[in-house]
Amino acid sequence: MDPARRLALFEQTVLPHLNAAYNLARWLTRNAHDAEDMTQEAYLRAFRSFDTFQGQDGRAWLLAVVRNTCFTWLRKRGNQPVEEFDEQMHGAADESPNAESVLIQQAALGSLQECVEALPLEFREAIVLRELEELSYKEISEITRVPVGTVMSRLARARKRLQECLAGALS
Amino acid sequence: MNCETAQRLMATNDPALAQHLLSCPSCITRTHARYYEAPPELEQKIRRSLSNEASSQHGSQWRWLAIAASLLLAASVAWNVAMLRSRVDPERLLAGNVLSAHVRSLAGTHLLDVPSSDQHTVKPWFDGKIDFAPDVKALEGFPLLGGRLEYIEGHPAAALIYGRDKHTINLFTWPSAASAADASQTLNGYHLLSWSGNGMTFWAVSDLNETELRQFVSLYRQK
C-alpha cells in the first residue's frame, strides 16, 4: 500500500480510539507519565503492524496492542506479578492482610479509584475493558488472549474484591 | 438497582444507603471509576511520530528501490562487459589457447613427436595423422627441432618447433577458411604473432624477444 494512504487510513481507523488506548494504559500503569509513553509506543507498534489489521473493530485491535505493550513493559520492570499469575492463588480468600488493611484505611465509597487500582493487573484489566470500555466477554477474551471462561471468572473475582474493598472502607 | 439509581444514592453520601450499592460493584465502577482521557497534546505527539515513521518507511522504500536499481544496473553492466569481451575476444581466447599449448609443450616432456632437424622427415611425419600438409621449412638462424601434433580449439593442428639460442619457438598451423590480418600480442611475457595465408592460419609463439620472433616470422613467410 502507498505509505501516504496507509497513514491516512490508520489515522482514520485507529487514531480516533486514543482515549480508550490512554485510559487502558493509565489503568494498567497506574500513572500518567508511563501511560503517555505506553500509548505513544503502542500507536507506533500498531502502525508498524497495521498490515495485520483486517478491518475489524479498530478499538479492540488497538487495545490489544496497548495491553501487550503495557504488559511487556511491566514485565521488563519486573514489579508486577504478570507472568505467573495464578487464578487460584489470587482468589479472594488469599488476599494479603497487609494490602487489605491498607485498602480499608484508604478506601471509601468516593475513592473507588483506589479499590480498582489495588486490583491485580489481570483483574484490573478485565474490569477496565468490561466496565469502562463496555466490551463483550468475547472481545475481552480476544484482547487478553484467554478463554471467555477465564474472563468471566476474573470479572467475578474482581467484582467481589471491589465489593469487599468498598465494604471495608465503609465499615 | 440500575446504575442511575446507584449514582443518585451515592451522591447522598449516606453510608447506609451506600452500603446497599455494594450489591452492584459493576454499577459503581461504571459510574465512579475514572475514565482517563488522553492529555490534549498526546494526539499531536502521536501524529508527529506516526508521520516520522511513515516517512522513514517511505524513505526506506525508496532506498530499497535505489539499491535494487543500482544492483540491476551493476549486473547489466557486468553482463554487457562480459558480452563485449566474449564478442571482442575469440581472438584473445584463441591466443590464450595457443599460448597454453606452447607452455604445455615446454613444461612437460612432450615437446616433440618427431624430433628431427630435417624438414623432409618432419613434413611426411604429419602425413596420415592430419588432413593437411604443413609447410615445414628450414630457416637460417632458427634450427628446426621437430614436429608435434596439437589440438587447438577442437581442431588438429601441426606444431613446428624451431630453436633460437636457448629459446623455443612453436609455430602452430591449421587450415581455416577465414583469413585474419597479421596480429601480434604479448601474453604473460610471451610474444604471439599470427597471420593467415593460403587457407591456413599460423601462430608463432615464443619467449624470444619480439624483434627476433618477427625476424623468424618474416623468414618463414618469405620462403
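What share of the contacts in chain A with a separation of 6 or more comes from residues 24 or more positions apart? I found 67%. Two residues are in contact if their C-beta atoms, placed from the backbone, lie within 7 Å.

**Ground rules**

I am working on a predicted model, where local features need pLDDT of at least 70, side-chain atom pairs count only at pLDDT 80 or more, and totals for chains, interfaces and linings use all residues. Residues are numbered from 1 along each chain as its sequence is written, and chains are lettered from A and ligands numbered from 1 in the order in which they are written.

**Chain A, overview**

I listed the elements of chain A and got 9 helices and 0 strands. Helices (H or I, at least four residues) and strands (E, at least two) are DSSP runs, numbered from the N terminus. I then looked up burial. Of the 171 residues in chain A, 36% are buried. A residue is buried if 20 or more other C-beta atoms lie within 10 Å of its own, exposed if 12 or fewer, and partly exposed in between, with C-beta atoms placed from the backbone.

**Chain A, helices 2 and 3**

I took helix 2 (residues 18–29) of chain A against helix 3 of chain A. Their axes come within 8 Å and cross at roughly 130°. Axes are lines fitted to C-alpha atoms, for helices over the stretch in contact, and angles run from 0 to 180 degrees between N-to-C directions. That angle makes helix 2 of chain A oblique to helix 3 of chain A. Angles under 35 degrees count as roughly parallel, over 145 as roughly antiparallel, 65 to 115 as roughly perpendicular and the rest as oblique. The crossing of helix 2 of chain A and helix 3 of chain A is right-handed. A crossing is left-handed if the near helix is turned anticlockwise from the far one by less than a right angle, and right-handed if clockwise.

I noted the contact residues. Helix 2 of chain A brings Ala21(A), Tyr22(A), Ala25(A), Arg26(A) and Thr29(A). Helix 3 of chain A brings Ala32(A), Asp34(A), Ala35(A), Met38(A), Thr39(A) and Ala42(A). By class, this contact of helix 2 with helix 3 of chain A has 7 nonpolar, 2 polar and 2 charged residues. Ala, Val, Leu, Ile, Met, Phe, Trp, Tyr, Cys and Pro count as nonpolar, Asp, Glu, Lys and Arg as charged, and the others, Gly among them, as polar.

**Chain A, helices 3 and 4**

I moved on to helix 3 (residues 32–48) and helix 4 (residues 58–77) of chain A. Their axes come within 9 Å, crossing at roughly 120°. Helix 3 of chain A and helix 4 of chain A are therefore oblique to each other. Helix 3 of chain A passes helix 4 of chain A in a right-handed crossing. The contact includes Met38(A), Thr39(A) and Ala42(A) of helix 3 of chain A, and Leu62(A), Cys70(A) and Trp73(A) of helix 4 of chain A. I get 8 nonpolar, 2 polar and 2 charged residues for the contact of helix 3 with helix 4 of chain A.

**Chain B, the sheet**

Which order do the strands of the sheet in chain B take? I read 1-2-3-4-7-6-5, an open sheet of 7 strands with antiparallel pairing. Strand 1 (114–115) and strand 5 (183–187) of chain B stand at the edges with a single partner strand each, so one side of each is left without a neighbour in the sheet. Two strands pair if DSSP finds at least two bridges between them.

I checked the pairs of chain B:

- Strands 1 and 2 of chain B are joined by 2 bridges; Pro115(B) stands opposite Gly146(B).
- Strands 2 and 3 of chain B are joined by 8 bridges; Glu150(B) has Ala157(B) as its bridge partner.
- Strands 5 and 6 of chain B pair over 5 bridges; Ala183(B) has Ser194(B) as its bridge partner.
- Strands 6 and 7 of chain B are joined by 7 bridges; Leu192(B) stands opposite Val205(B).
- Strand 3 (residues 155–164) and strand 4 (residues 167–175) of chain B pair over 7 bridges; Ile161(B) has Asn170(B) as its bridge partner.

Helix 5 (residues 90–107) of chain B packs on the sheet, and its direction makes about 130° with that of strand 4 of chain B. Helix 7 (residues 210–222) of chain B also packs on the sheet, at about 20° to the direction of strand 6 of chain B.

**Chain B against chain A**

I counted the interface last. The contact takes 30 residues from chain B and 27 residues from chain A. Helix 4 of chain B gives the largest share of the chain B side, 12 residues. That side has 15 nonpolar, 9 polar and 6 charged residues.
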